[in-house]
Amino acid sequence: MSGHGEDALVSSELVRSYVITGGRQLPTDDELSLHTLVTLAPDRQLPLTAGPEVRAIWELCSGGYLAVVEVAAHLGLPVGVARLLLTDLAEQGHLLRRAAPPRAKPQERAVIEKVLHGLLKAL
Amino acid sequence: MTSLIKDPLLWVLLGVLIIAVLAVMRARRTNMALRKQSTELRAHRDGLDAERLRLHAEYQNLRAEYDRALAEVRSTAESETKDVLRAWMRTLQVLADEQQRSISDLARLKYGNDPKILADFMTIDHTNSQFGRRAQGIAALCGGWLGRREVAASVYDVARSAQGRIRHFDRVQIHSQVNVAVASTAVEPVAVVLAELLDNATNYSAPGTPVEINIQSVPTGVCLIIDDAGLGISQEEKDRASALLNTRGPISITSLGSPPRVGFAVAGVLAARYGFRVSVDSVSPYGGVRAVILLPESLLTQEVPQPAPTATTDSDGPESSSYGGPVPSPVAIVGKTAGGLPKRRRAVAVVPQPDPSVSDAQEPEHSSEVTASRLGAFARGTLLGRDTSITEGSQEQ
């Protein structure tokens with residue numbers, strides 16, 4: 001009953017992403033863009049039904065604000081899948097969201113100088 | 001005297017006497033001839049009888065030899081067919097695995113942000129998973145390998161993996177009360193067997209009815225109980241299933257019908273090979289079939305793969321290098337993907353089911369990540385705090 005040669009290594013993901021989403025429709029990036037920052041709301045209990053991915057998100061986001069794209073990268077999941085899980089948590093009220101900081105735009109030199117002076121004075 | 005001689009009657013009598021004597025003699029001769037003939041015939045008949053018996057015995061011999069030769073030819077043909085199929089399936093399995101990896105990589109690294117493209121990828125991925133499972137099933141029936149996983153996986157994840165390999169995966173619900181992992185060698189076999197049972201369960205129950213997997217700890221190991229809400233199966237079907245599930249030898253692939261019904265055969269072969277038990281002889285609480293997989297302690301492990309600490313950095317390198325050839329070298333992958341994203345996710349996925357003490361225990365492993373994210377958040381926070389132009393409007397909850 002033994003096959004010839006050695007058993008080849010299987011390296012694809014064990015749990016497929018559509019199983020993680022349960023085949024549900026994926027949310028668009030209106031609510032949670034790549035750069036939206038998320039963190040856990042204070043004093044929240046992890047839902048008992050939480051799957052391993054949600055637990056991982058819980059652990060990741062308990063440390064402070066993280067961008068959606070960072071959460072996805074940490075979990076090794078496509079952003080769309082991470083976004084669905086984050087949307088669930090947000091809808092259950094477990095998650096704080098904050099728009100990404102706007103792109104750095106050139107500030108007026110005078111303002112920066114004022115800040116600098118202020119800081120120097122404070123020291 | 002003369003009167004007597006002259007008497008015609010005397011002559012007549014004499015004549016008759018002579019004739020009678022002749023007749024008797026003739027009859028005697030005939031009789032002897034017949035007797036002789038009869039003896040000859042009897043001898044001949046005995047000879048023929050013996051000949052018949054001899055021929056019959058010879059016929060039996062030839063018949064037996066023919067049957068033996070036929071069986072031999074059949075088994076040679078079967079085993080040659082299996083060899084060929086196994087080799088072909090191996091190629092298909094490697095391709096299916098490669099395709100799954102490509103799909104995952106593309107979904108994660110390139111198109112993950114677009115929900116529509118990602119949904120399309122999932123459809124392709126779903127079909128590909130079923131295709132891969134079919135190839136694995138045929139390989140198993142032909143005595144081939146399923147593919148080896150590098151790390152152990154939680155029973156829950158193995159169940160989810162099996163769920164992903166059937167068409168109606170969205171009808172499957174998993175309830176797990178255990179916190180053990182399946183040894184790496186048994187991950188694929190258990191997933192394939194569970195997938196076959198789930199495939200049966202979903203195909204032979206009404207569309208839309210749920211199929212439940214309950215994972216429970218038992219004294220001798222772990223039980224995976226699959227319940228469907230179908231009509232159940234007939235006694236005849238049960239006998240067939242039980243025969244296939246308890247086979248302890250190679251299965252004739254030509255005996256599985258057309259289209260072949262391979263589910264129980266695959267389950268039986270793999271269960272025998274890896275040493276676990278499968279039964280389908282009970283009734284589910286919903287009236288359908290209850291299938292049970294019993295995994296013994298020897299296939300389980302408490303070892304939970306830890307997330308790789310340097311996991312965040314090199315996501316591109318090892319992943320793209322796996323596109324290099326059609327058959328990725330196991331050694332290269334072992335070395336390179338040690339810090340890859342897929343492994344990290346799997347590792348995270350075996351974080352135990354509800355059990356606060358264990359997740360507490362795991363915290364030290366994540367501390368560098370947590371520290372990093374805290375520092376990152378702190379840096380962003382200070383930036384935000386200094387920037388007066390940002391409104392807090394989008395903050396919710």
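Strands β2 and β4 of chain B pair in the parallel sense over five bridges, where helices (H or I, at least four residues) and strands (E, at least two) are DSSP runs numbered from the N terminus, and two strands count as paired if DSSP finds at least two bridges between them. Within this pairing, B:Gln173 sits opposite B:Glu212 of β4(B). This is a predicted model, so to speak of local features takes a pLDDT of at least 70, and side-chain atom pairs count only at pLDDT 80 or more, while totals for chains, interfaces and linings use all residues. Residues are numbered from 1 along each chain as its sequence is written, and chains are lettered from A and ligands numbered from 1 in the order in which they are written.

On its way through the sheet, β4 (residues 211-218) of chain B also meets β5 (residues 221-227) of chain B, antiparallel this time and held by seven bridges.

Put together, the strands of chain B form an open sheet of five, in the order β2-β4-β5-β7-β6, with mixed pairing. Its edges are β2 (172-176) and β6 (277-283), each of which pairs on one side only. From one strand to the next the twist averages 20 degrees. Helix α5 (residues 184-203) of chain B packs on this sheet and touches β2, β4, β5, β6 and β7 (289-296) of chain B, a contact being two C-beta atoms, placed from the backbone, within 7 Å. The direction of α5(B) makes about 175 degrees with that of β7(B); axes here are lines fitted to C-alpha atoms, for helices over the stretch in contact, and angles run from 0 to 180 degrees between N-to-C directions.

Elsewhere in chain B, helices α3 (residues 115-141) and α7 (residues 263-274) pack at about 60 degrees, with their axes 9 Å apart. That angle makes the pair oblique, the class left over once angles under 35 degrees are called roughly parallel, over 145 roughly antiparallel and 65 to 115 roughly perpendicular. The crossing of α3(B) and α7(B) is left-handed, as the near helix is turned anticlockwise from the far one by less than a right angle (clockwise would be right-handed). On the α3(B) side the contact is made by B:Gly137, B:Ala140 and B:Leu141, and on the α7(B) side by B:Ala265, B:Val266, B:Val269 and B:Leu270.

As for residues 45-79 of chain B, an unreviewed UniProt entry gives them as a "coiled-coil region"; such annotations may be inferred rather than shown by experiment, and positions follow the numbering used here, with feature names shortened. In the model, the span is 100% helix and 0% strand, and its end C-alpha atoms lie 50 Å apart.

Chain A has five helices and three strands, running α-β-α-β-α-α-β-α from the N terminus. Of its 123 residues, 45% are buried, that is, with 20 or more other C-beta atoms within 10 Å of their own C-beta, placed from the backbone (exposed: 12 or fewer; partly exposed: in between). Helix α3 (residues 68-75) of chain A is mostly covered, with seven of its eight residues buried, among them A:Val68, A:Glu70 and A:His74. Just after α3(A), A:Gly76 adopts a positive phi of about 70 degrees. A:Gly51, in the loop between β1 (37-40) and α2 (52-61) of chain A, counts as buried because it has 22 C-beta neighbours inside 10 Å.
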